[in-house]
Structures are given as structure tokens and as C-alpha cells.
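Q: I have a structure to read and would like to go through it feature by feature. Where do we begin?

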Amino acid sequence: MDFSFSEEQTLLRNSLSRYLADRYSFEDWRKFTRTPEGRDPSHWRQFAEMGLFAAPLPEAQGGLGGGPIECMVVMEEFGRALVVEPFVPTVVIGGGLLARSGGALADEMLPKIAAGATVMAFAFAEAQGRYDLADLTTSAKKQGDGYVLNGQKSVVLGAPWADRLVVTARTGGSRREVQGVSVFLVEKSAKGVSTRDYAAMSGLRASEIVFENAPAQLIGEEGAVLPLLTNVLDRAIAAHLAEANGAIAKLMVATTEYAKTRKQFGQPIGKFQVLQHHMVDMFIAQQQALSASLMANLKLGDADGPRAVSAAKAALGKYARAVAEGAVQIHGGIGMTDELDVGHYFKRLVLLEVLYGSPDHHLCRMAALDQ
Amino acid sequence: MDLSFSPEEEAFRQDVRKFIGEAKPQLPKNLGAPERARLSKDDYLVWHRLLFKKGWVAPAWPKEFGGADWSVTQRYIFSAEIAKAGMPTTLPFGLGMVGPVIMAFGSEAQKKKFLPRILSGDDWWCQGYSEPGAGSDLASLRCRAVRDGGYYIVNGQKTWTTLAQYADWIFCLVRTDTAAKAQEGISFILIDMKSPGITVKPIVILDGAREVNEVFFDNVKVPAENLVGEENKGWTYAKFLLAHERSALAGASRSLAALTRLKSLARTEQLDGAPLIHDPNFARKLAALEADLMALEFTELRILSQEAKGEKMGSESSILKVAGSEIQQRVADLAMEAVGYYALPDDLSLGDNEAVGPDYAHGLAGRYFNLRKASIYGGSNEIQRNIIAKAVLGL
């Protein structure tokens, strides 16, 4: 048993964390998240140059052949800096689906992903469907060489920055049926795609998207993609668990530092036992969160991988909330302000708790996998 | 033991319902939608003036000052009914805080000058208590007032000042004696917000609202007649006021009304092809929350009946504050959970008319974040627990 990182993984972490410290401070973040664009596009290019996008992709298609641990390292650092760039939808979901499906589309797109030449968003949620990937009213039908899509997608994170959308749609079966779910790649600029862009929690951007006979290319097998998609999303969830840990770590440091310096009643508030115990509980939650993320990421390829991912997702959601709410409470009024970073980390953690299924959803999935 | 209200009290409830029914059509639409309401000054004033016209704006004030002089039970019925109807509370700063302090400790001239304008809504008051260095430890406040002939010269800073941007007046705790022990050198003073030397700077909070402010005082000249009561006795008045502030803080009726709205949206929201409210997990969470709320309502009623009998209230307000604020936060949390992905759009950058997703989802996440303040303000919940430990448990 060994939980240590390899030399390459440590190098990756160090160079990324140095870059983020220099170029992606909270002050920088505040500035670019408030521009109309909402991001600084140079970061995406830099991340590509650092090899972050190539790291988890297969070597045969321009990648570096890394795995979940590389992703985990990247995402922890991203979480620490509240990074807004859609690494997971592009590399883990888009890249993951393409790499596992193969074919001409994969050969065309994977080198682009590795090089940072494309930004993808994952359009899966529908108003009625909540966390059920198969609960789809968006449909696709064959037309000529390709397909056309019709339907609507909700809260597509990162879509305003994307040039391509990975879209789930029904090619058969009835609403909520496992059979008949397909995944498509759609060019966002294509005719028949209309978007309404807006800001989402913690500096992200999102879109409501309507497809009206939008041209689409099939990824993977028609009507039978749900098992693959579920597996790829487990990888996405595992990556986001690491991101949550980065944010949690940041909140822990901010809170204990504040408790050591903020004085009331003639002493640092960290000297009050009630706050000490609260922070100790937060620390234990952080330790548990870290373990949950490691468990999910290390078991991804195993038979009990799906259960581990759901267990980690449910447990970590609870730990993250305990740390985030505690961080605001212990900061007091100042923790309530938009000016301090604490509230934005809090919002990122709430967002991650919901993304790809709430804790309840994943507890139910665990239970279902038992039966 | 008897759970029922008297026939007179029930008749009073009907009067209140009738009034609300007649008032509602005259009010701006967002007044009845508490979760998404970001109320403007005018919104508050329209409601305030309707109540004033009816003679109901100051339920607890005695008749001689223009109040409704209601019994504790009537006040409870009134606030429960307006909560149920989704109407806002009137702001406490004038009616619930400085008004009673002026009545109890102010000069005749102050009563004459300020009380009628608090009632009518002509003066908007804000509260100058907290400072950057004085939060839970309020007595460590440093904002300074120095007597200079017929004036005090005020220098310093207040913070977390709710809706100071609208205020005509601020009541402040200021230090008038730096040599005395912390609590003893404090005075209670009324300051005209139009005085030269006052700067109000907004603080944006997590839901994007401009609810609180920093207020800076730079050599602000305040007439000495604006001192309330005696110099250096301000802490006594402040404690009197804090007791007033806390007793209003359980808000079980308001949380029950929010829970009712949450149930209604859970009938619309879908999970696994059925209404969310049919999901056993969600239904159980709703029920658990409601069970706690029902108990809280009875805790309120129990304390209310003691108060109605004229028993002196002490740390009961601390119990209500802790239990009430935590339940408020849980209702907001579950409402956010109910709307799934539509909690994620950032209200901060969306106007009221630009909701993404279903209309009812707008503002729910903002409300969850906003209500984290409830366990911080009005004496943090840690401070309230200290009070209970000491005063009730004798620890």
C-alpha cells in the first residue's frame, strides 16, 4: 500500500500550483470573472502548454497516457484556485467518451483536445430529469451522413466558452429507459443551436440551450451508450471530488488563520474552546473528504468502482458543506461578504455537491447497486 | 391547559386576515413572494404606511405614543398571519429598537420629535452597533464621541449597518469615556445621516444584495440634545434593546410559511418521473423539518403564554434565537436542494425579471447563502449558547 505521488505527478502539481499562484490569484479571479467574457482565455492556452489536457489522454491519440491520479492532481490545484475553465467537460467527458469510442471523430478531436484547440461543454440536464441521465426528451434522428437534434438542455456549465457541445439525446426507447440513449458532438456555431448565456455560482458561466434540427455527430454506439457514459461520468465525478478537496483545503487554512488573528474579548477567537472543537470537526471532515476522493479515484477501474464513486460523492458532499458552513460561521460577518474569497469557495462546493447527482441521488445509487 | 385562543382573539385574527386581503392588491407584487423579493425602500414604505394608516404599524407601542397596544397574544397572531400571507415584517430599527429606547430613556423633546416620524415612516432608522473590531465583543467598540460645547464630535466606523443607504437617522453606541471599564464609557446617541462627515459604503454579501453597509464618521457634529438618557449609560440601554431584538427572532410562523411554499414547489419539481414530494427521501426530509418546526412553534407559544401572564423574560429569547435561526437555515437549504440544477444560476448577476428555469427557483440559492447570517447576527449562536449556559444551566 502506498499513497504517495510519483515524481512526475509531484512535478505536475508543483508547476501547476506555481502557475496558479502567479497568474490566478483571487484578485485576478475577481477581475476576469467580472468581464463580459468571464474568463481570461490565455489560461486555457497555458494549461494546454503545460500538458494538462494531454496528461490523462491515451498516447496513441496525442495524449500522455496518464490516468485518474493525474486528473486528481490537476483538479485539486484547480479547486484551490477556484479555476473556472471547463477542464472536466472537455478532457474527462469529451475526451473520455471519444477515446473509448474510437473512430474518425475521435482521431480528429483528441489531438485538438490535447492541444487546447477546442473547449467542450456537456449538455445533459433537462428540466424534468434532475439527476437521471436517461430521463431525456431531447431526441435525435438520422439525416444523411449524420443526425439532427431537437430539444432543450438546462444549466450547461461552461457552454458560453465552448465551441463544441457533448449532448445526450434519445434515438429510441421511451423517456427514462436505459436503451435508446445516445451521445452526440455538436458544433455550437451550427444552425439550429441557440443559447442563452448567464453567470452561475462561483465564477462559472452557463447556458440554456435549444436545439432545432441541429446537425450532430454520433459518439459511440447508437442507443447503447449509457453504460459507457455512466463510467465516464464516474471519472468526471472523481475528478470533481478532488476539486472539492482543493477548495476545502483552502477554506480550512483561511479559517484557522482567521481564528488565530481575529481578536474578541481580549484574545484570538481561536482560543475559545467552542470554536476549537468546531474547527477540529471541520478538520476531521477534511480528512474524511480527502480519503473519499482517493478511494473514488483509485477504485475507478475496479468492479466496485461505481459504488465507491457514489459513496465518495455522497459522503464528500456532507463533509464539504460542514467545512464551508463552518468557515462562514467562524469568520462571522466578514465571511458573508462577496469581497472575501470564503463565500466563493462555499458556492463552488455547493455547486459540486449538486453536479452529477446530489448526495441523496448517490446514496440511492449505492443502495441500488447492492441489490 | 388549553390550546385554543379566546373568541376575541379569533375575531382579531379574522380582522387581520381581512386587512391583509384588502391590502394585498394595493401592494407591489414582490412583497408577497418572500424567497425572491429584493425589496426596495419604496416596497418597505408602501407596506409600512398601509399599516400606519390602519393604526397597526407599532403593535407593541402604548396608545399614548400612537401604538396599537396589543396584548402579547394579539401580536403573535398578527405576525403569524402576515407571515402566512408572505408579507414582509416591518423593519425593526425604528419601531422595535430605537423607538422603545426613546420611550423608556429619552427626553420629552426626543419623544416628541422622533416617535411620530418613526410611526409614519417619515424617518428611516438604522443601527450603529457593530464595528470592525467589535462584533460578538460589542463592548470593545471604539467609535468616539467627544463633548465640545453644545455638541459631540463623533469619529470612527460602524459596520454591518442594515439598509443604511436609505436611512435618515442612525442610533449609535459611542465611546464617551476611554478611561472607564469597557461597558461603562459607552453612550447612546442619535445622529442625522445627512450630517457632514458621514460616508456610507455598501458591502455586497453572498447573494449579491446590498443589505449592509459600512458607515464612517469623520468629525461629525452631533447636537448634545441627541444623547439618549445619561452619558456613559449607553450599555444599559443597549442591553434593553438587544433583549427586544432577540425576542423577535424565532420566527416559527415565517419558517412554516416558507415550508408550505417549499411543499408546493416540490409538487411541481420532478424526480424519477414523479413529483419530488412523492420521493420517500425528500418527503422524509420535509417531514423531519416540519416536526422540528411544529415543536418550535409550541416552544414559542409556551414562552408567549408566560410572557402574556406578565412573567419576566430572560434567556428564553436566546433559546428562540438559536432554534429559530437554525430551522430557517434548514428550510432554505432544502428549498435549494428541491430545485436541483436550477439552484446554480447566480442570482447576483440576474435581474428579477430574468429568471433562468422555473420562476420559483429564482433566488432560492441566494436565500440559503443569505441566511447563513442568521446564526451570526443579533448575537451569534455561540454567544447565545454562552448566555444559556450561564443564565439557565448555571454553568
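Q: How many bridges join β3(A) to strand β7 of chain A, and do they run parallel or antiparallel?
A: This is a predicted model. Nine bridges join the two strands, β7(A) covering residues 204-219, and they run antiparallel. One of the pairs to look at is A:Val148, whose bridge partner in β7(A) is A:Pro215.

Q: How should I read the side chains along a strand, and how many residues of β3(A) are buried?
A: In a regular strand the side chains alternate between the two faces of the sheet. Strand β3(A), residues 146-157, is mostly covered, with nine of its twelve residues buried.

Q: Which residues have the most contacts inside the largest nonpolar core?
A: That core has 223 residues, and A:Leu149 and A:Ala123 are among those with the most contacts, as are B:Ile189 and B:Leu344. Beyond four places in sequence, A:Ala123 touches residues including A:Lys153, A:Val156 and A:Ile209.

Q: Why does A:Ser293 count as buried?
A: The cut-off is 20 or more other C-beta atoms within 10 Å. A:Ser293 is buried because 27 lie within that distance.

Key. Residues are numbered from 1 along each chain as its sequence is written. Chains are lettered from A and ligands numbered from 1 in the order in which they are written. This is a predicted model: local features need pLDDT of at least 70, side-chain atom pairs count only at pLDDT 80 or more; totals for chains, interfaces and linings use all residues. A nonpolar core is a set of buried Ala, Val, Leu, Ile, Met, Phe, Trp, Tyr and Cys residues joined through C-beta atoms within 7 Å. Two residues are in contact if their C-beta atoms, placed from the backbone, lie within 7 Å. Helices (H or I, at least four residues) and strands (E, at least two) are DSSP runs, numbered from the N terminus. Two strands pair if DSSP finds at least two bridges between them.
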